[in-house]
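Please consult the sequence and the structure while reading.

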Amino acid sequence: MNHWRRSVGELQARRRQVTECEQALAALSKVTACFQQMASSLGSNTDGSGLREELAEIRAMAHRIYTGLHRRLIALLTETEQAQEDREQVERLWVLFLSGLETFQKDLRKTSSLQELFPLTQRRDRSALVKTGYSGESEVAARAATVQTPWVCVEDEPCPDLQTQISRMDSLLQEMLQRVNVPVWTVEATQKAWVEVEKEEQEEDETLEDLMQVEVVSQDSVTGCCHHLNCRLSCLLCLLS
């Protein structure tokens with residue numbers, strides 16, 4: 001009985017860890033997307049110390065998320081006793097996490113290059129900025145600040161500088177590929193591709209069909225009124241309207 005209770009407890013704890021990893025991966029996607037959008041303003045007329053400070057804060061937030069997610073996924077994938085369904089789900093999270101890290105590292109490299117091209121160390125450096133006329137990055141930063149993860153308050157590791165973070169991500173990606181053998185081509189998706197686009201197109205088609213039905217009904221009602229027997233006055237009113 002005690003062994004059965006322990007097994008159930010371990011199963012629930014493992015499922016809880018998988019759920020936390022799913023939430024953390026979703027949070028990482030939102031944070032890195034905000035970082036990518038804000039980094040596109042580097043070198044423009046909206047660039048400045050405020051933008052670069054916000055980028056550093058979002059970069060530190062992403063660092064806290066992906067370092068904790070990396071440790072948890074490694075622990076889950078190295079377990080020998082694990083259900084096949086849970087194993088497949090963790091492998092899918094692993095592949096998505098690996099792809100997300102590679103994309104985020106590319107954004108960090110672009111950010112480093114742009115900051116070198118537009119240093120902003122002196123006041124006259126602002127004359128080299130490109131006047132794009134775009135503004136509104138504070139909303140993106142506020143959206144990134146609302147993202148929460150299950151362990152962000154527990155594990156608060158200091159984020160390194162930009163160049164060190166890029167080099168450490170190289171080591172992290174190499175470790176991920178070496179420690180865990182999860183071939184990307186063996187992981188199957190659980191949802192159909194382009195589901196959001198197809199859903200939007202379906203809603204547009206349904207709206208168009210509803211409008212056509214309303215038009216047909218209105219025409220039928222007018223036609224029925226005008227062709228009613230011995231209804232000359234109604235026919236005249238319909239023609240005038």
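This is a predicted model: local features need pLDDT of at least 70, side-chain atom pairs count only at pLDDT 80 or more; totals for chains, interfaces and linings use all residues.

The side chain of R109 meets that of D170 in a salt bridge, with a distance of 3.3 Å from N to O. R109 belongs to helix 3, which covers residues 84-117, whereas D170 lies in helix 5, so the pair ties together parts that are 61 residues apart in sequence. D170, at 32% relative accessibility, is likewise counted as partly exposed.

## The other salt bridges

How many salt bridges does the count give? The count comes to three. One of them joins the side chains of D47 and R52, at 2.7 Å from N to O. D47 is buried, because its relative accessibility is 2% and the cut-off for a buried residue is under 20%. R52 also counts as buried, with a relative accessibility of 15%.

Another salt bridge joins the side chains of R179 and E175, at 3.1 Å from N to O. R179 and E175 are four residues apart in helix 5, which means that about one helical turn separates them. E175 is partly exposed, its relative accessible area being 27%.

## The packing of helix 2 and helix 5

Two packed helices are described by two quantities, the angle between their axes and the distance between the axes. Helix 2 (residues 49-77) and helix 5 (residues 162-179) pack at an angle of about 15°, and their axes are 12 Å apart. Helix 2 is therefore roughly parallel to helix 5, since angles under 35 degrees count as roughly parallel. The crossing of helix 2 and helix 5 is left-handed.

Which residues make this contact? Helix 2 contributes R59, H63, Y66, H70 and I74, while helix 5 contributes L162, Q165, M169, L172, E175, M176 and R179. Sorted by class, the residues in the contact of helix 2 with helix 5 are six nonpolar, three polar and three charged. Both E175 and R179 are listed in this contact, and their side chains also meet each other in a salt bridge.

## Two residues of helix 1

C34 is found in helix 1. Is C34 buried or exposed? C34 counts as buried, because its relative accessibility is 5%. Apart from neighbours within four places in sequence, C34 is in contact with V140, R143 and A144. C34 and R143 are 109 residues apart along the chain, yet their C-alpha atoms are separated by 7.7 Å.

T32 is also placed in helix 1, which spans residues 2-39. The relative accessible area of T32 is 15%, so this residue is buried. T32 and L108 lie 76 residues apart in sequence, and the distance between them in space is 10.0 Å, C-alpha to C-alpha.

## The chain as a whole

The chain has seven helices and zero strands. From the N terminus on, its elements run α-α-α-α-α-α-α. Of the 241 residues in the chain, 32% are buried; D47 and C34 are examples of residues counted as buried.

What share of contacts between residues at least 6 apart in sequence joins residues at least 24 apart? The share is 83%.

Technical notes. Residues are numbered from 1 along each chain as its sequence is written. Side-chain values use heavy atoms; hydrogens and water are left out. Axes are lines fitted to C-alpha atoms, for helices over the stretch in contact, and angles run from 0 to 180 degrees between N-to-C directions. Angles under 35 degrees count as roughly parallel, over 145 as roughly antiparallel, 65 to 115 as roughly perpendicular and the rest as oblique. A crossing is left-handed if the near helix is turned anticlockwise from the far one by less than a right angle, and right-handed if clockwise. Contact means heavy atoms within 4.5 Å. Ala, Val, Leu, Ile, Met, Phe, Trp, Tyr, Cys and Pro count as nonpolar, Asp, Glu, Lys and Arg as charged, and the others, Gly among them, as polar. A salt bridge is a side-chain nitrogen of Lys or Arg within 4 Å of a carboxyl oxygen of Asp or Glu. Buried means under 20% relative accessible area, exposed over 50%, partly exposed in between (1.4 Å probe, protein chains only).
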